[in-house]
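Good morning, and thank you for making time for this presentation.

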Amino acid sequence: MTPTLQAFVIVSVVLFSIGLLAALSRRHAIFILIGIEMMLAAANLNFIAFWRFAPPPHPPTGVMIAIFSIAISAAEAAVGLAMVIAVYRHYRTTNVDQYDQLKG
Amino acid sequence: MSSALDQIFVHGKRWLLSWVAGAPDWVIQITSSLINIVALLAVFLTLFALISVLERKILARMQNRYGPNRVGPFGLFQPVADGIKMLIKEDIVPARADKVVHFLAPVVLAAVAILTLGVIPYGRNMTAFAINGGILFFFAVGSATELAVFMAGWASNNKFSMLGAMRAIAQMFSYELPLIIAVLPVVMAVGSLVPDTIITAQGEYTLGVVPRWFVFTPWGAAAFILFFVSGLVESNRTPFDVPEGESEIVAGHMTEYSGFKYATFFLAEYLGMFAVSGLAVTLFLGGWHPPARILEFVPSYIWFFAKLSVLLFVYIWLRGTLPRMRVDQMMNVAWKFMLPMAFTCVIAAAVWHYAGRGMRGWLWSLFVIVVVYSALSILLDTRRKFAPRVYRFAE
Amino acid sequence: MNSITFIIISVFTLAGALAAATLPNLMHAAFCLVLALLGLASFFFLLGAEFVGLALVFIYIGAVAVLIVFTILLTRRDSKEHYAINWSGVLIALAVFAGLTWAVLKTQSLSVVPPQIRTLTVKQIGQTLMTGYVWPLQCVGLLLTAALIGALVLVMEERR
Amino acid sequence: MNPGIVSNLWLLPAVPFAAAIVILSLGKSRRKSAVVLAIGGQIVVLAISIVAFLPTLQTHGSRAVQNFTWFTFGEQTLRLGFVLDPLAAAMLVMISLVSLCIFVFSVGYMADDKNFTRFFAYLSFFSGAMLGVVIANSLLLLFMFWELVGLASYLLIGFWIERPSAAAAAKKAFITTRIGDMGFFLGMLWLYNRSGTLLFYDGGRGCLESAGLALLGASATYIALLIFCGAVGKSGQFPLHVWLPDAMEGPTPVSALIHAATMVAAGVFLVARVYPLFSLGAINGVTSSLTVVVWIGVTTALMAALIAIAQADIKRILAYSTVSQLGLMMVSLGVGGVAAGIMHLLAHGFFKALLFLGSGSVIHGCHGEQDIRKMGGLRRLMPVTFGTYAIGMMALSGVPLFFSGGWTKEEILHATAHWPRSHAPYYLMLAGVVLTALYMTRQMLYVFFGNRRSAAEHAHESPRVMTMPLIVLAIGTVFLSVVLTSAWPWLHGYLTGEPVHFHIARVIQPMLFISLLLVSGGIALGIWFYRKAGVQDRDRPAEVDPLEYAQPALFRFLANKMWIDELYARTIIGFAWASARLSDWMDRYFWDGLVRGFGAIAQLFGIFTADVDERGINAGVDETTVGARGLGRLLSSAHSGQIQIYLGVVAVGMLALLLLYAWLA
């Protein structure tokens, strides 16, 4: 009894939804970042799973994209956290509800 | 005969596994892992006990005193006494501390240290966790150390703890770069991330006499020194024990720990030291290979542990000799000297490879390293930067 | 690859992720994120992508997690106050979850078992990276450098 | 003859042009480079001229032509070319030699000028253009260089642009010559229309060759007269002579080079060049066009000589003398003595350049003073200038035997005497000889003899760089007499292509004695009349001219240039003024009214459209804007600034896409 691709995709969907939940429902700026990281991780899981379940022989494209995605999300995390710090310095709060200078 | 002696532990494990030969696959896997873990723990906990007492005795020798000599013959049972003392001591947790994290921190630290020990080959066919990319595993898992230290510092809810943790993380981050980059030349030269392959690549002898350990190439020697120094920092050993400098911040991130948790921290620190030294032996000192062909009758694990002991002795020796460094000096050395030199080692290894791996390559890579070293020395004006500090207001 | 391992890892991962998304204490949430990512790395190991798993551990636990906890420390002033949930966000997340799950379950072609493949060695990955993917690799290098400098510039003390 | 030289003749204009461009592109302070470039270019030109000249000596009357296609226009090909014949070769040597002397002289004369380098650039430019005129084998090419010469002349007359008189003189010269050039241009068009080619010599098909001339027929007379208009303008002949004396506002080397030796001679040269046009259908050497040339020349020669007697400016005297001599040359051409005219042109180039440079030296020595009444007694102070000037004066006056001018004047008189139509020009020319001797003697007495007057007090001899060209030109003047002597008329033979034989007997002719008598009479009259010039004589004050004292009305008539300028001002310029007034009035009232009317109509239309705009279009736009603003306000409320709302919208959008995709599938 081995798990099918569907199981992996379902796990990925759940992880993605949890990430979306964190990004949408929490007020703290860092939670948005955490949520985004989780969504990216879910996407990576999909890449790897689809690579693994593709009929052989096939090039390791999924693995490559996962590697690049990890590198890019690392960069995103660094810049995002730096922005959180910069914004915090300016507003003296991390509550995203109060970041409303761009209100139309 | 010698091969039987050499493989005695491998045969022993195989014999133990034969007891569960009929069981399903996963049972055999788990049993095998358990045997490995037990063996590792047994060996390294013993080594830890031994080294803790030896360190005290050697330090005492260096400082012209006796050291522990009351418990057991030559004070050899001292660690047992210490262990009992630690176990029965009261386990104090600060009232404002985050209890769960406070408890988890030493556990994570020790777990990480033990995991890193798993990928090192201790003898021929004696790798506990043979994985494709063991070196990467070592560093990937090792990087969790920082998180554990941070957990300890943050959960204690104490400013000394926090400060100590910050210092520890800062210096670990700074020295992780030269540490990893110093490994790159070896990986490049061998073309593999598997420790066993790396050791095999060092098994030959030039002219039948000089072993082909990477430490005997210019880039290897330079990388070894960089790796060793960075390893000292990673394991928070003198002269880089700033995070727990007693005179400044009590005991750093371990301030609020007592009893067995404190002992666990200690254990994790020593295990980390073993792991880094073991990796140094694997990467640069030929692993379990004997230094000469005629000594091949001595079992491989003995050679490994002999080399490890030498390195550990150097650790202790350094502790007895050098004073603690200043934080800013440490950072300067890391970013301005160690990192460029580590990159130079990579380039020198490439030069060595493309110049034919012979005498010519040897000389060329030596030339590269010497040139960059001299240039860096002139550029950084080390004599001025590391001049004795003048205490203007202390006189 | 068997179902028991899969279920254990799934539960571990999703529990970590849920905790990371909902725990009121930021620091705990960050540690739980680490747990979730560890679980994800285990998934990668399970799927035979050891290198990616190790890279994930290396980068996320060694670097990103530490960055996150540092940021939490630096913005600690109100890390525990206003623990409020935006319920409309929860609703949207649930709707997305439902929609995606429905779509996945509806797709028949996803019910396949893994084929037998040769293990992907680090050497192969390296060769692929250095041959077919050199250009993206260089771009990622540039991106990381830019991110490093950008992050530094962002957090530098403002000169008044 | 070596054809290589003809094919390289383009170098002659090209080298000075290149020198001019390089000098202009250099800075103002690069005086030494400018001098080296200009004089070096001139030496190169002289060398090429001599190389071109030598082969023509060997075969008399030879002519080499190099033609090329400039551009093709449909089926018409416009061809230009260069020609090398004795006429051109002799002119080339004369021009380049005189130019070189004047360039060297200018180094000293212009030494203090702030636009030194510009001057040399212009001089080089002029030199190139003038050489181009000489070697052109096409009337069009000749015309182009002719106009370039005019441009150079304009630039150089107005060189001291800060003087209003110089600027006015430059303008006058340019416009006056342009009037002549208009005729030239029309003649050229007519010629092209009739003959279909502007090449002079083209292997029998050129417009000056028998085939080309045959096409012209009776129109040749009018074409020749139109082209003669150009020559009249350039050479300062009677109706258009007014610009030449005014052109003396330019620096003296310019006067010497352009307005004495070379450019003004271009008119004579032009007539000589297209002489076949003039002489087409000649009966006994007389055509109507040549008759016109003769009478214009006679009028000019006599009138200018008379005016010269009453002038006080040293350069103006020489200028009128030039006009007079050019008239003489025209007469010579008109009566059929082409070779005599050209010989006089060459000789005149040398001695008039010598005289102008001498006057320049005098002016330089007198610190810029040009009035001869303020000079006097300079022969002691400026011996070299005096000696060379005296040689030039004798040559101009036509003293026979040793001075080139004497022989050529002799030839011209000889030719004039044999003109079949009338003897009047001959006698008038004899009077002109007397007058020439008279005014030159007057000038000599005023400048170099008598007491030293105000400007002569501190006079000094000029530097070596200025006297050397004088000496060279003086030697040239004397040397030319050897090849011009009627005993051995070498130059005559060279130009006409006839064989030359030495006959000492030909020197002794009745004509020679007559002219000797006339010249010595003129000089004696001058000495007698002007011996007391510049000093008080009985009841005549020192500053009053003896002639003015004797005949005040005549003197005033002459001194005011016979009121020709005033006549022009009253008639031609007055007419131009009146027509300008008329046009102004028309413009102001008639055309302006018309335009205003149209403007008013447009204004009315504008008012109407503005109303439409205001009431109709604008209101619509306003309403649209208000609507857009309201819509914007409505939409901006969706822009909450809350990042989570944006994220949520993205998620909902994703969901919507998913459902859409599922529904479509």
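**Chains, contacts and cores**

Let us begin with chain A: of its 104 residues, 57% count as buried. The model before you is a predicted one, and that should be kept in mind throughout. The secondary structure of chain A consists of 3 helices and 0 strands, so that, reading from the N terminus, its elements run α-α-α. If we take the contacts in chain A between residues at least 6 apart in sequence, 52% of them join residues at least 24 apart.

Chain C may be described in the same terms. It has 160 residues, of which 36% count as buried. Its secondary structure comes to 6 helices and 0 strands, and the order from the N terminus is α-α-α-α-α-α. For chain C, 53% of the contacts between residues at least 6 apart in sequence link residues at least 24 apart.

I turn now to the contact between these two chains. How many residues of chain C are in contact with chain A? There are 70 of them, and they meet 59 residues of chain A. On the side of chain C that touches chain A, the elements giving two or more residues are α1 (3-22), α2 (26-46), α3 (50-74), α4 (87-106), α5 (122-131) and α6 (134-155) of chain C. The most comes from α3(C), which gives 11 residues. By class, this side of chain C divides into 55 nonpolar, 14 polar and 1 charged residues.

Chain C also touches chain B. That contact takes 17 residues from chain B and 16 residues from chain C. On the chain B side, α6 (134-142) and α7 (144-155) each supply at least two residues. The side of chain B that touches chain C has 13 nonpolar, 3 polar and 1 charged residues.

Next, the nonpolar cores. Which residues touch the most other members of the largest nonpolar core? In this core of 207 residues, they are D:Leu84, D:Ile227 and D:Ala353. Helix α4 (residues 86-109) of chain D gives the most to the core, with 18 residues. Setting aside residues up to four places away in sequence, D:Leu84 touches D:Ile5, D:Val6, D:Leu9, D:Ala52, D:Thr56, D:Ala64, D:Ala89 and D:Ile135. There is also a second, separate core of 187 residues, and among its members are B:Met172, B:Leu279, B:Val351 and C:Ala151.

Is D:Val335 buried or exposed? It has 30 C-beta neighbours inside 10 Å and therefore counts as buried. Apart from its neighbours within four places in sequence, D:Val335 is in contact with D:Val294, D:Ala415, D:Thr416 and D:Trp419. The C-alpha atoms of D:Val335 and D:Thr291 are separated by 7.7 Å, although the two residues are 44 residues apart along the chain.

Two loop residues of chain B deserve mention for their backbone. B:Asn64 has a positive phi of about 60° although it is not a glycine. B:Asn64 is found in the loop between α3 (25-62) and α4 (78-88) of chain B, and because it has 6 C-beta neighbours inside 10 Å, it counts as exposed. B:Arg357, likewise not a glycine, has a positive phi of about 60°. B:Arg357 sits in the loop between α14 (327-354) and α15 (359-380) of chain B; with 14 C-beta neighbours inside 10 Å, it counts as partly exposed.

Finally, I come to a pair of helices. Two packed helices are described by the angle between their axes and the distance between the axes. The axes of helix α5 (residues 99-117) and helix α12 (residues 259-284) of chain B come within 8 Å and cross at roughly 25°. That angle makes α5(B) roughly parallel to α12(B). The crossing of α5(B) past α12(B) is left-handed. From α5(B), the residues that meet the other helix include B:Pro106, B:Leu109, B:Ala110 and B:Ala113; from α12(B), they include B:Lys261, B:Phe265, B:Ala268 and B:Leu271. By class, the contact of α5(B) with α12(B) has 12 nonpolar, 3 polar and 1 charged residues.

Note on methods:
Residues numbered from 1 in each chain as written. Chains lettered and ligands numbered in written order. Predicted model: local features only at pLDDT ≥ 70, side-chain atom pairs only at ≥ 80, totals over all residues. Contact = placed C-beta atoms within 7 Å. Helix = DSSP H or I, 4+ residues; strand = E, 2+ residues; numbered from the N terminus. Nonpolar A, V, L, I, M, F, W, Y, C, P; charged D, E, K, R; others polar. Buried ≥ 20, exposed ≤ 12 C-beta atoms within 10 Å, placed from the backbone. Core = buried A, V, L, I, M, F, W, Y, C linked by C-beta atoms within 7 Å. Axes fitted to C-alpha atoms, helices over the stretch in contact; angles between N-to-C directions. Parallel < 35°, antiparallel > 145°, perpendicular 65-115°, else oblique. Left-handed = near helix turned anticlockwise from the far one by under 90°.
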